[in-house]
Amino acid sequence: MLRFVASRIISAVGALLVLTTTAAQERELAPVSDTYAIRNLTIIPAPGRRIEHGTIIIRNGLIDAVGENISIPPNAIILDGDSLYAYAAFIEGLSKTGVKSPDDDHGERVEDPGDPPLSKAGINPQRDVRDYLDPNDPMIKELRCAGFGASQVAPRGIFLPGSTAVILLGGETPDQMALRPHNACYSELTSNKTIYPSTVMAVLAKWRELYHQAELSRDYAALYATNASGLPRPETNRALEALYPVTLRQQPVLFRTAKMLDIQRVLSLQKELGFVLVLGDVSEGWDLIDKIKTSGASVFLSLNLPENPDEKKEPDDDDSLGNAELTALKARRSEFIQKMTTQAATFDSAGIKFGFSALDTKYSDLHKNLRNMVEAGLNPESALAALTINAADILGVADRLGTIEKGKIANVALFSKPMFDKDAKVMSIFVDGKLYTCTEKDGHKKKVSSPEGTWHLTADTPKEAVKLEVVLRRDPDKQYSGRITSTRMPEGIDLTNITFQGKTLKFMYDILLEGRPQDVIVEGEIEGKTFKGKITVGEYGNYPVEGIKDPER
Amino acid sequence: MRICLRHIALVLIVLIPVIASAQPRVGDALIRNGTLLTVTKGTLENTDLLIRGGKIVAIGPNLTAPEGCRVIDATGKYVMPGIIDAHSHIALESINEMSNPVTPEIRMSDALNPLDIAIYRALAGGVTTIQTLHGSANAIGGQSVIMKLRYGSLDPAELLFEGAPRAVKFALGENPTRIHGTGHNIVPRTRMGVEFVIRSALTEAREYREKWDTYNEQKKQRGFRGAPPVYDDRLEVLAEVLRGNITIHCHSYRADEILMIMDVCRDFGIKKLVLQHANEGFKVAPEIADFGAMVSVFSDAWAYKFEVYYSTAYNAAILTRNGVVTSINSDDPGVIRQLYHEASKTLKYGGLSRDEALALITINPAKQLGIDNRVGSLEVGKDGDVAIFSEHPLSIYTVPSMTLVDGIVRFDREKDPDDMRLYVDPEERFDEAGFKAPDSYHDCLGTATETFSQLFESR
């Protein structure tokens, strides 16, 4: 085994990888030094800047020096970055990476659906996402190895699930990871479909009421605090108290608003109430540039892009049919795929500062989608800015993240090629000064991902996070079989049409809803022991689903 | 072959009207030589109508078109005021907040969907203004949207009828008792319960208003220290109903419940009441006239549930003859396209005059919505909302040919592309045959009650 010796030069990328794998996985010992010197790199310290054959010195979790002729401290672990490209690790603007669902009891029936307990109604702004953050969640590693060093994570749930935190994508505990807790009050226009507020219009009505109540209760609490004598004691109310900073414009509201109409709903709510607004997960914003500009809202554009249906052969895709109507329909669909793909470029040329969010995006698609956006006209420097300094700026951490410069937190991604090259890969990444490796080409080569085993999946429906357990087997004749169970269907249902090609696992089952059979289709990608994809429930629509596989015995 | 098809696709993209881009809100048009059915000022043959800046500025023979003004030849055609539907549920992403029997804080404007293709289809039936309401699940539902059918605008706010009075939905009878009593095991389970729920809510609102009035009064005194009452959006809205600032549109069928809601309104000093449906309105027409309520009915829809068996196609005529301002509504995205047929039925059932029949879908609903100073008839000074028909609109042979809103042509039968959707789903698939109606089309009661809790249940 290799040993760490101060000042010892370990050359070549492969060695660099072995080094970390050995350190992190086998011995679980901290590196002998917290000082690193990565030399002979192509460094892109900020969009539009470039240092050839440069060196980065990392010390105590911070960037200590960047440049061409940097003297290497004697205790540094030296890594040769020949042919590698260093970027400031990316910053993601809205996701639920590593965030568990709160253990709310969803099964229990509410006595009066018109007047439910606040927590059931989704009114939990006092919740802190750190309480639900699992540092060992495999999705953290996956996002990290897409080049991201920080993310704004939001709690799971509906309506007002709690406050977000800007976290570093590495660390042992939620508090260690948190860079900026309570960064924003998070809200979605989602609801528990059976209790108040159950519709988008009731969610908005309740938003207004809570806001006005918070203003009144805030003012009265202040009056009471100055001189309580003779005044009725104000009741404490955790939900309203959590909204005080919002009413004072000290904390922004981060809304998940993918669709054009939802964005407008939130913009008019903001116009009426006056809070500081951040729009997250925007995927249909191209027609709203002026409105967004007027509102002063910050924007995180969705990194999700529709799958190009032309890449998939459809049964009706037979040109000999010559169906003019179908051709026209497909042309309109292409028009909207194009609008989504060029959205970032549209925002950029309109001069709106934006970052990106990965909430609805398969992490394995992140780079492909970015490349598509750049090919569709997004200036690569603007794309990099959105991933780094602009996101840092919107999140209020630009003094610590977003560029490779002295004094900043050591979040540095090392790419095999320039990041927008088709086969560029993240080889390794420093987060908070700690080195993580991202390739599997070493002595500890992972087994090929396999769908066999017991999967614990969580479907993120607007009402609740539904937990599903899927057991998949493979017969001797290489056919898959499986069964799905959940608390609502403990007896389980057999799966049909199970396919596994490349990384894509797909299976179906059918359920009965309101007396009508509905096909449920689960489709997604397996990376090691993680699964991420979507679940489509008949005509009810589709929801994100992700999860992990039990370790094999 | 493939290349050829692609070319067609490109051409089609170009041909699709660029309606989503910023458009002027008002337009100019000269409609020439038509038969004008003014509704309030009789029928004028071979007459021109000039719209400038979205308003009717002149009606008469041989008007001259100003420079650049669009000229529409209506020779041999019939020109009437844009049709008004006082009861619709189109252009909404959700209709009922059925978790609570009292939800006046709900604003339908929050659910408004300007992309709904039903707006364009309604325009194709000559409709220019509608009230789109909360459903009838709740004894007291949400606040309506009164909107112009400015299809093409993506901004929900641009569809709102500027300055229209506020309106709120109430509902009596089987719907609220089924949803809340039978469905959730809470009050109201009976018609008595519905009355109780409404009276309780209004009483609470009266007390709420008094509390705030007192607090606001005290606050004016120097050195006042005290706690404000708890803010309640629901009671805020009901307090406005009590102040007479919001019109009640009450879903009702039976004569007894119609008398009941009028009694409740009298007790609380509420004067602005429009009865919706009122299938038994004909039985209590003099009482309705005496109260001063207005009524919006179906032409001839009944027997779809127990409380609507005692009905007649003479309802609109009997109410009209008793001096009640009456309208005919659609309550449906299909019927909304043929309101002119619905109105024509009153010529046979009750012998209304043509102007009286047309009033049922123009000036009368305008009065019920409080917008008759702006729309509902062809008069100088009113909005340029016009529907042009091939034959008299009450003829069974008539075909709508053009619809203008604020002087802008929003429907033209001659230029009516197949695909008028404003937004399309980029992941839409075409290999699944069949038509899927959006949830909002099922009916005004919706169907979404238990959908989500059942999503992951086994059979």
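Analyst: B:Ala91 sits in the loop of chain B between strand E6 (83-88) and helix H2 (117-123); helices (H or I, at least four residues) and strands (E, at least two) are DSSP runs, numbered from the N terminus. The model is a predicted one, in which local features need pLDDT of at least 70, side-chain atom pairs count only at pLDDT 80 or more, and totals for chains, interfaces and linings use all residues. Residues are numbered from 1 along each chain as its sequence is written, while chains are lettered from A and ligands numbered from 1 in the order in which they are written.

Although B:Ala91 is not a glycine, its phi is positive, at about 60 degrees. Most residues other than glycine have a negative phi, and most peptide bonds are trans. B:Ala91 counts as buried because it has 26 C-beta neighbours inside 10 Å. The classes are buried for 20 or more other C-beta atoms within 10 Å of the residue's own, exposed for 12 or fewer, and partly exposed in between, with C-beta atoms placed from the backbone.

B:Asn46 also has a positive phi, near 40 degrees, and is not glycine. B:Asn46 belongs to strand E2 (residues 43-52) of chain B. With 13 other C-beta atoms within 10 Å, B:Asn46 is partly exposed.

One joins B:Val187 and B:Pro188, with omega about 5 degrees; B:Pro188 is in the loop between helix H4 (174-184) and helix H5 (191-219) of chain B. Another runs from A:Tyr196 to A:Pro197, with omega near -5 degrees, and A:Pro197 lies in the loop between strand E10 (178-188) and helix H5 (200-226) of chain A.

In chain B, H5(B) packs against helix H6 (residues 233-242) at an angle of about 95 degrees, with the axes 8 Å apart. Axes are lines fitted to C-alpha atoms, for helices over the stretch in contact, and angles run from 0 to 180 degrees between N-to-C directions. H5(B) and H6(B) are therefore roughly perpendicular, a class that spans 65 to 115 degrees, where under 35 is roughly parallel, over 145 roughly antiparallel and the rest oblique. Residues of H5(B), including B:Ala201, B:Leu202 and B:Tyr208, meet B:Leu235, B:Leu238, B:Ala239 and B:Leu242 in H6(B). Contact here requires C-beta atoms, placed from the backbone, within 7 Å. The residues of this contact divide into 8 nonpolar, no polar and 3 charged. Ala, Val, Leu, Ile, Met, Phe, Trp, Tyr, Cys and Pro count as nonpolar, Asp, Glu, Lys and Arg as charged, and the others, Gly among them, as polar.

As for the whole chain, chain B has 12 helices and 17 strands. Of its 459 residues, 52% are buried. Residues 24 or more positions apart account for 70% of the chain B contacts with a separation of 6 or more.

How values were computed: Contact = placed C-beta atoms within 7 Å.
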